[in-house]
Amino acid sequence: MMRKRRPKAHGSSTELSEVTEVLKLKREIGLTSAVSLIAGTMIGSGIFMSPEWVLRNIGSPGGSLIIWTACGLLATFGALSYAELGTLIKESGGEYIYILRNFGSFPAFLFIFTSVIVVRPASVAAVSLSFAEYAVAPFYPGCSSPRLAVKCTAMTCILLLTLVNCLSVKLATSVMNVFTVAKLLALLVIIVGGIVLLVQGHTQSFQNAFQNTNTGAGIIGIAFYQGLWSFDGWNNLNYVTEEIKKPEVNLPRAMMIAIPLVTLFYLLVNVSYFAAMTPVELLSSGGVAITWGHSIYGSCKVPHTFPCSHIHLTGVFHYGYTWKFQPNSEPFQIKKPELPRSYKVPIIIPVVFLLTSTYLVLAPIIDQPQIEFLYIILFILSGVIFYFPLVRYKYHPAYLQKLTLHLQLLLDVAPAEKDID
């Protein structure tokens, strides 16, 4: 809530009245834009990187397709659980607000602390660098792109998208819709190319499709991490709940449309990859999109793919952090059964989602313990240093309050609807 002083009557210079201006987020996101937001944030560089790493861990084409299907099913289960939460708690903020309402401020603060400091920036940086690598490559044919050029392009991309989102929700959704269509068209080109290859009899990769499949608990967990990197973004609609038209209707509908659609696209793209190359060729490609392009279009120039070792690490961090305190609708159904529900998910779905998430966090740690997992836990717990003085005991130095006020004015930040009196 912001307050301004203005003259009570025209021409008066002495009498001032306090007028309250309420800042509210406009509900401008309809069903089409909501579906586009989910699909647009999910579809990205992951589908051009992760297939190689899923195959490397699981060991077979058949196993890879099962992992991709299971990733889509898991994302759908999570989205359906979030849909109920989003229709119950009509506040923006996603996981943070759900953890806060279910479990209190301490786990909510730890989640947002790790998300803001590491998870979100690392994820945005990885995707931006990947985009920059593709964008810069045509200007340096036959050689590696200069790292400075790639980094500057990535920073420019982040700045432009930030400005677009700050200027207008309508403009942001329009840009998002355009790029979502472009990405879907790119995937359609790959899918059609794969169908043509299959019709021509390129089915070698699907003979003995499950040979050499790895079944270790930790290996399956890591393969899931690689696949889930491509599904990252299925929960983003819940971060803008207050901007959705009729969220009790459009939130679950958008999720039920977007995530199965993206899953189908991902499966068909992977089938196309396996039709264009053998598993050995895919693993040695260094960039599955490059090898696919050469297989289909011969010597056509295809930009190099950004190396994804850091992508794998970021993916582990993201799901490790997120599912460490992953909320679901089951606690709310038990703790708040009296709340009216316009949409109710079957209880088995959040239960399966919670158990699977727990497995994905614990299985790699138990199967292949590494010192990096300890670093993650220590970093999460380091949030305690800030939580107790700033949140628990409400120690707010004057300079922090001034900084917060200036940032709110600069970024035109509106308070959540529930906090407006």
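**Surface and make-up.** I began with the surface and noted that the protein chain exposes about 21600 Å², of which carbon and sulfur atoms supply 67%; accessible areas come from the Shrake-Rupley method with a 1.4 Å probe, and for residues only the protein chains shown count as cover. I am reading a predicted model, in which local features need pLDDT of at least 70 and side-chain atom pairs count only at pLDDT 80 or more, while totals for chains, interfaces and linings use all residues. Residues are numbered from 1 along each chain as its sequence is written, and side-chain values use heavy atoms, with hydrogens and water left out.

**Confidence.** I looked up pLDDT, the predictor's confidence in each residue from 0 to 100, and found a mean of 76 for the protein chain, with 77% of its residues at 70 or more. Over residues 299-308 the pLDDT is below 50.

**Fold.** I listed 17 helices and two strands in the protein chain, taken as DSSP runs numbered from the N terminus (helices H or I, at least four residues; strands E, at least two). Of the 421 residues, 44% are buried, where buried means under 20% relative accessible area, exposed over 50%, and partly exposed in between (1.4 Å probe, protein chains only).

**A nonpolar patch.** I then found that Leu-159, Leu-160, Leu-163, Leu-167 and Leu-171 form a nonpolar patch on the surface, together having about 500 Å² of accessible area. Helix H6 (residues 147-167) gives the largest share of this patch, four residues, whereas Leu-171 sits in helix H7 (residues 169-199). I recorded Leu-171 as partly exposed because its relative accessibility is 37%.

Conventions
Patches are made of residues with over 30% relative accessible area and no salt bridge: like charges are joined within 9 Å, nonpolar side chains (Val, Leu, Ile, Met, Phe, Trp, Tyr) within 5 Å. A salt bridge is a side-chain nitrogen of Lys or Arg within 4 Å of a carboxyl oxygen of Asp or Glu. Contact means heavy atoms within 4.5 Å.
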